[in-house]
2 protein chains.
Amino acid sequence: MPSYSAPTKDLQFVLHDLLKVTASDIPGYADLEPDFTSAILEEAGKLTSEVLAPLNTVGDHEGCRLENGVVYTPTGFKEAFEQVKEGGWTGLDMPEQYGGQNMPQVIGSAVAEMFSSSNMAFTMYQGLTHGAAAAILAHGTDLQKDTYLPNMVTCHWTGTMNLTEPHCGTDLGLMRTKAAQQGDGSYKISGQKIFISAGEHDMADNIIHLVLAKIEGGPEGIKGVSLFIVPKFMVNEDGSLGERNGVSVGSIEEKMGIHGNSTCVMNYDEATGYLLGEEHKGMRAMFTMMNEARLGVGMQGLSQAETAYQNAVIYANDRLQGRDVTGAKNPDGPADPLIVHPDIRRSLMDQKSFVEGARAFVLWGATLIDAHHRKGDDDADGLVSLMTPVIKGFLTDQGYDMTVKAQQIYGGHGYIEEWGMSQYTRDARIAMIYEGANGVQALDLVGRKLAQDGGKHVMAFFDLVKNFIKENTDQDEAYVAEFLDPLKAASKDLQAAGMYFMQNGMKNPNNALSGSNDFMHMFGHVCLGLMWAKMGLSAKEALANGATDTAFYETKLATGRYYMARQLPATALHLTRIQSGADTVMALEAANF
Amino acid sequence: MPSYSAPTKDLQFVLHDLLKVTASDIPGYADLEPDFTSAILEEAGKLTSEVLAPLNTVGDHEGCRLENGVVYTPTGFKEAFEQVKEGGWTGLDMPEQYGGQNMPQVIGSAVAEMFSSSNMAFTMYQGLTHGAAAAILAHGTDLQKDTYLPNMVTCHWTGTMNLTEPHCGTDLGLMRTKAAQQGDGSYKISGQKIFISAGEHDMADNIIHLVLAKIEGGPEGIKGVSLFIVPKFMVNEDGSLGERNGVSVGSIEEKMGIHGNSTCVMNYDEATGYLLGEEHKGMRAMFTMMNEARLGVGMQGLSQAETAYQNAVIYANDRLQGRDVTGAKNPDGPADPLIVHPDIRRSLMDQKSFVEGARAFVLWGATLIDAHHRKGDDDADGLVSLMTPVIKGFLTDQGYDMTVKAQQIYGGHGYIEEWGMSQYTRDARIAMIYEGANGVQALDLVGRKLAQDGGKHVMAFFDLVKNFIKENTDQDEAYVAEFLDPLKAASKDLQAAGMYFMQNGMKNPNNALSGSNDFMHMFGHVCLGLMWAKMGLSAKEALANGATDTAFYETKLATGRYYMARQLPATALHLTRIQSGADTVMALEAANF
């Protein structure tokens, strides 16, 4: 049975040693004293490791059950969700006005990592609610906010997002769900939506569906799509629940993983809906939710890698098999633990250096969001908008690979469900797909984000790396050679790829798009390389300042060195592929595949 | 519902255009005329695509069921297995003396690909029987051969291999299963074995277990391990079945995939067993089976990638989503098919170029085995022994990744079980683990095979690549630039890695072992690069000779170009990692992970 132990110390390191949150001028950050954040993280750690983690395998084994239109969640989920609500964990970074605690996103994200690590399927119920609430917060009328947010912030009501239909996922312009104007400001929504996470369940009094639909008579395609609030139960003027709305669950999907989350086919049969935001501007409103969801999904990649890694370390230390070729490490035992073997270490270091780099990356992204939301920093917004597809695509691709590596360490025991390692890969697999498949993320990055605002944000990113390197060239020789030089080389590769796109994408956009996946990955590596270079510096500083826990900081440095030496050089391969252009990619007639 | 279409034409291309089997002096090869091999492949194609493939999802959904000591295979398996037996497919490359057809392994392998592609879990029942029969053939007495082989070659009796115990998989020296000598030449075997594929089922009259155990009083550790034949039902002198032996199934495992195969815990309770081969030389005898099994598992990696790819192509052509950025390809439809998008093509070309390269690699390996078995070519044996861990490790790692890519093309539909794509990844996952986890393959390659016979075989491989390049430098410029130059560069990387191991592995073996996984992968890439360079040449020749199916050969060339441009350059990254040595890999204390 796998376990989860909250990485409080590592999160504190990122918040305080790396990001130095209390020194930031972002409103609210000055309050984030180490003792304060530690107290929050300790509490979240207790809840997630003791309550949510043990339910992870339960959710996988039992799955959700649909009976007479009611979806039953796995044993224990409902009680655990009550505990989560009571603890106020669902509104951590939501406005106080609606029952939240108004903390910065950076704290919300740190806590969210623990939730997702301990039980991804369970955490999706509140994650989607948070996203739906954010969309209402950004685009709703005051009445809508007052009507829905107080109950959504506390998760007494949960939320969903309804985009996909059987014949369209990415290409939402093809959607068929209709909205008919009723003259009283409301609409009748009719159509079918599929793959709706948390679409129906037994853990909340009401479910607030955000549904994309086309208003009859509106423009064709994506320009005719609007977003609607469709509650499961109508809400009376006094806030009490009224009659059941015309929305029902058609079936729940049998999936490869996240069995604890109910993935529903939702049928809308003249359901009453209310326009959220402007007519025909549904995609804009939905993207508020989607961007948040993408960052959350990137976090899922990291989180599943983290938990899988933790368990792989335990197993590698427990399982006795073979001998260290340089001399027995457990001479009195029948064999040495797996962890003595170089290839096991290679795999564990891959995992460890990814997870810790990704954690820093995600929390840095959260500070950019805070900078935008809390002090109107548009440059920060541009930067995080550029990096959103990287966080989503790179972290979920890599995170999935890491769960496979962790599973591999268990040998045959990794393949049987009894040991629980298969669940991490099966759960992590969806993160590469939903909220925009990773190919769509790469397309968004190369086809849209790179050139956004005249390429201003990607230039800002390059400057950021360049300046960091310049500011630190007078560090000791070893640091420069081990951290800065590899970062410089990788960043140069990334710039060369961008240059290739500029020079060759104009005459044939396929030259850029054929390299989009490679570009997303090399961008991700450079981001993690930057994070490691900075964390290496933070660790050096802590040691120089006489930190007592030298093993912790030295481990950070060693883990960083591993990433720089063994992972970051992947940028060169990605560049080679990109520079080979579109010719070999596009050569075949469709019929010849 | 996924489908499978047998790649007869591609297999014929490898047999005749690439390997030119009829021109070979290997006994039996002259008979392999194109019409003859085509007839076999067509028949095998019919059986696998029409009978076995439709049972693949049935097997996954139903799984095996244990009731009162009897294991029931999924609906339809038993009838299909009868058809396979009746068709004589199980003894294709077995000696006529025991009911086989004495065909070369290269034909056996071509047919085995189809079987494994269409239904991996089903095919394991006969695959393990084949391996067990091969071990008896190589190490059994005449009486043992006469007693067991006729029924095993026809699969009226199936076979198993029993190595793993709960506390040991790789490190078999730790095993506890005991063999007590009975004075009549037989032994009483007692102990528990786990993860026994096809350990018990309802499709054969008898099951012949090959079981590793320690004879009481023998040497400690791996040197005291012997191999035993333990039949489920005792075999009377007249060949009829006698009483039930003391072997029984304890439970069947819940696994991530291959649900159609019964993976059993087997309990041996003073079961009667007969020594196979010599006392305490069990590992040698088992390795006859294991080496064959490893090649078969490598084939599984290829086979799951092949079927998943086939379905991904169908979906990419069917599913309308988005528009080609260079202009609509399906202007009258609501959208263009997925296959117009460069990133979808990038993924499909990754899959296609891997599958076709891997197919050539496996069949080339089979010709080396034939050269050894049929004309006593020890160099061929040395070469295939060197490449066995590469075929097993590289093809299953990559094959798994390809199933993930194929699944990704389906978007959300890839994640729900209804579409069947999840099964390919879940089934393919085991191939990275069993018959020696891939880390163990890499260790075998670097720690053992490289230096075997004074490094003679790896030198022979390098010579083979070098000579091929040298012999073809006068080909046209495009071919040299697109095929030979990349092959030369990759081969140089591989040699540099070998050199690094020699120079640094002596003073610290961890310098070699930390790079073992990278070395296995770069070796695999060079092998596939060599195959593609040769296939490119074959395609060029066919076109020059006026082949009418120009699209087929031009597609081969284009697919080869893709591999050389986008996949083969991975060797440089692997070399960088290898040359970074063991320091960053081994830096941490075990407690600091």
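## A polar contact in chain B

With which side chain does the side chain of Ser186(B) make a polar contact? The partner is the side chain of Asp184(B), at 2.6 Å, where a polar contact is a pair of N or O atoms within 3.5 Å, of which, within protein, one must be able to donate a hydrogen and the other to accept it, residues adjacent in sequence counting only if both atoms are side-chain atoms. Ser186(B) belongs to strand E5 (residues 186-197) of chain B, helices (H or I, at least four residues) and strands (E, at least two) being DSSP runs numbered from the N terminus. With a relative accessibility of 6%, Ser186(B) counts as buried, the term meaning under 20% relative accessible area, with exposed over 50% and partly exposed in between (1.4 Å probe, protein chains only). Not counting residues up to four places away in sequence, Ser186(B) touches Ala180(B), Gln181(B), Thr272(B), Gly273(B) and Tyr274(B), contact meaning heavy atoms within 4.5 Å.

## Basis of the model

This is a predicted model, in which local features need pLDDT of at least 70 and side-chain atom pairs count only at pLDDT 80 or more, while totals for chains, interfaces and linings use all residues. Residues are numbered from 1 along each chain as its sequence is written, chains are lettered from A and ligands numbered from 1 in the order in which they are written, and side-chain values use heavy atoms, with hydrogens and water left out.

## Two copies and their interface

The contact takes 91 residues from each side, chain B and chain A. Together the chains bury about 7400 Å², 61% of it on carbon and sulfur atoms; buried area is the accessible area (1.4 Å probe) that two parts lose on being put together, summed over both. Tyr415(B), Arg566(B) and Phe593(B) supply 13% of the area that chain B buries against chain A, more than any other three residues. Across the interface there are 39 residue pairs in polar contact, both residues being at pLDDT 80 or more, and helix H17 (residues 550-567) of chain B gives the most to the side of chain B that touches chain A, with nine residues. Two salt bridges are counted between the chains, a salt bridge being a side-chain nitrogen of Lys or Arg within 4 Å of a carboxyl oxygen of Asp or Glu. Asp518(B) forms a salt bridge with Arg566(A), with the closest N and O atoms 3.6 Å apart.

## Salt bridges within the chains

Over all chains the count comes to 64 salt bridges. In chain A, Glu356(A) pairs with Lys352(A), the closest N and O atoms being 2.8 Å apart; being four residues apart in helix H9 (residues 342-375), these two residues are separated by about one helical turn. Glu356(A) is buried at 8% relative accessible area, as is Lys352(A) at 6%. Another salt bridge joins Asp518(A) to Arg577(A) at 3.3 Å between the closest N and O atoms, linking helix H16 (residues 516-544) with helix H18 (residues 570-579) of chain A across 59 residues, and both partners are buried.

In chain B, Lys556(B) forms a salt bridge with Glu356(B), with the closest N and O atoms 2.7 Å apart, and this pair links helix H17 with helix H9 (residues 342-375) of chain B, 200 residues apart. Lys556(B) counts as buried at 4% relative accessibility, and Glu356(B) likewise at 7%. In chain A, salt bridges that share partners join Asp10(A), Lys352(A), Glu356(A) and Lys556(A) into one network.

## Cysteines

The structure holds zero disulfides over all chains, a disulfide being a pair of cysteine sulfur atoms within 2.5 Å. For Cys168(B), the nearest cysteine sulfur is that of Cys264(B), 18 Å away. Cys168(B) is buried at 0% relative accessibility, and Cys527(B) is buried with a relative accessible area of 0%.
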